[in-house]
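Could you give me a friendly tour of this protein?

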Amino acid sequence: MKQLQFIFCTIISLFFISSVHADTNINSHFGFKAKLPDSWIIINPKMPSESIKTSDFPPGMDSKVAQLIKQRLQNGNIEFYYDKNYLEKKNPNYISVQKGPAIFIPSQAIEPYCKLLPAKLGKIYGEKPIIHSCVMLKNYKYPIFNHSYTINSTNLTIISDSVPINSEESLMITSSSSNDKAGRDRVKKVRRILVNAISGAYQ
């Protein structure tokens, strides 16, 4: 996880000068539009491919991991949103958007599914997280699977939304912050903007 955060910060540093003065009206690589607060910048596959060099990634970074991140950006599989006000923090505020399968969980299955979530996530992080939410948000044409949790050892809070764009695919929004309440609230605000922008564009 920390390696990936280092990668993202390195990528940001490559484009920061050109991104600082970007308009807050963003056009996503995935086809939706949104207006973000001035403090946020977007890093997406529209960036020049020659500017993303695996040699710029942190020393000791597994070359396969670095290459995968580079390929995902270049192939249009993911884009990142970063809060400029938190770039200098140990763990910056950021949000990623990437395409994935649509997730539809029947009402009768959501509770047993959510009970298994701590164990599943524990295998990823090495400890069971505190679950804050695990629901299907139904105020949309296609329900949105939302879950959020905190990893105690790093104070990392993650909000995950799977926003369907058709019956088979979704755009998966992963919002991350391990900062103070004000920092987390900044991430939550942009997360809401992106969820509404995607659901409005595709639903």
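Here is a short briefing, grouped by topic.

This is a predicted model, in which local features need pLDDT of at least 70 and side-chain atom pairs count only at pLDDT 80 or more, while totals for chains, interfaces and linings use all residues. Residues are numbered from 1 along each chain as its sequence is written, and side-chain values use heavy atoms, with hydrogens and water left out.

**Overall make-up**

- The protein has four helices and nine strands; helices (H or I, at least four residues) and strands (E, at least two) are DSSP runs, numbered from the N terminus.
- Read from the N terminus, the order of elements is α-β-β-β-α-β-β-α-β-β-β-β-α.
- Of the 203 residues, 47% count as buried; buried means under 20% relative accessible area, exposed over 50%, and partly exposed in between (1.4 Å probe, protein chains only).

- Seven strands form an open sheet with antiparallel pairing, in the order β3-β4-β5-β9-β8-β7-β6; two strands pair if DSSP finds at least two bridges between them.
- Strands β3 (40-43) and β6 (130-137) are at the edges with a single partner strand each, so one side of each has no neighbour in the sheet.
- On average, neighbouring strands of this sheet are turned by 15° against each other, direction ignored; axes are lines fitted to C-alpha atoms, for helices over the stretch in contact, and angles run from 0 to 180 degrees between N-to-C directions.
- Five bridges link strand β4 (residues 78-83) to strand β5 (residues 94-101) in the antiparallel sense, and Phe80 has Ser96 in β5 as its bridge partner.
- Helix α3 (residues 107-125) packs on the sheet, where α3 touches β6, β7 (144-151) and β8 (156-164); contact means heavy atoms within 4.5 Å.
- Helix α4 (residues 181-202) lies across β3, β4, β5, β6, β7, β8 and β9 (169-177), and runs at about 170° to β9.

**The disulfide**

- What does the one disulfide of the structure join? The link runs from Cys114 to Cys134, with an S to S distance of 1.9 Å; a disulfide is a pair of cysteine sulfur atoms within 2.5 Å.
- Cys114 sits in helix α3 and Cys134 in strand β6, so the pair ties together parts that are 20 residues apart in sequence.
- Cys114 and Cys134 are both buried, and their link is left-handed, with -80° about the S-S bond.

**The nonpolar cores**

- In soluble globular proteins, nonpolar side chains tend to be buried together.
- The largest nonpolar core has 21 residues, and Phe32, Leu36, Tyr81, Ile95, Ile173 and Leu194 touch the most other members; such a core is a set of buried Ala, Val, Leu, Ile, Met, Phe, Trp, Tyr and Cys residues joined through side-chain atoms within 4.5 Å.
- Two or more residues of this core come from each of β3, β5, β9 and α4, and α4 gives the most, with six residues.
- Another core, of twelve residues, lies apart from this one and includes Ile105, Ile110, Leu121 and Leu156.

**A buried asparagine**

- Asn44 is in the loop between β3 and α2 (63-74), and counts as buried at 6% relative accessibility.
- Not counting residues up to four places away in sequence, Asn44 touches Asn27, His29, Leu73 and Glu79.
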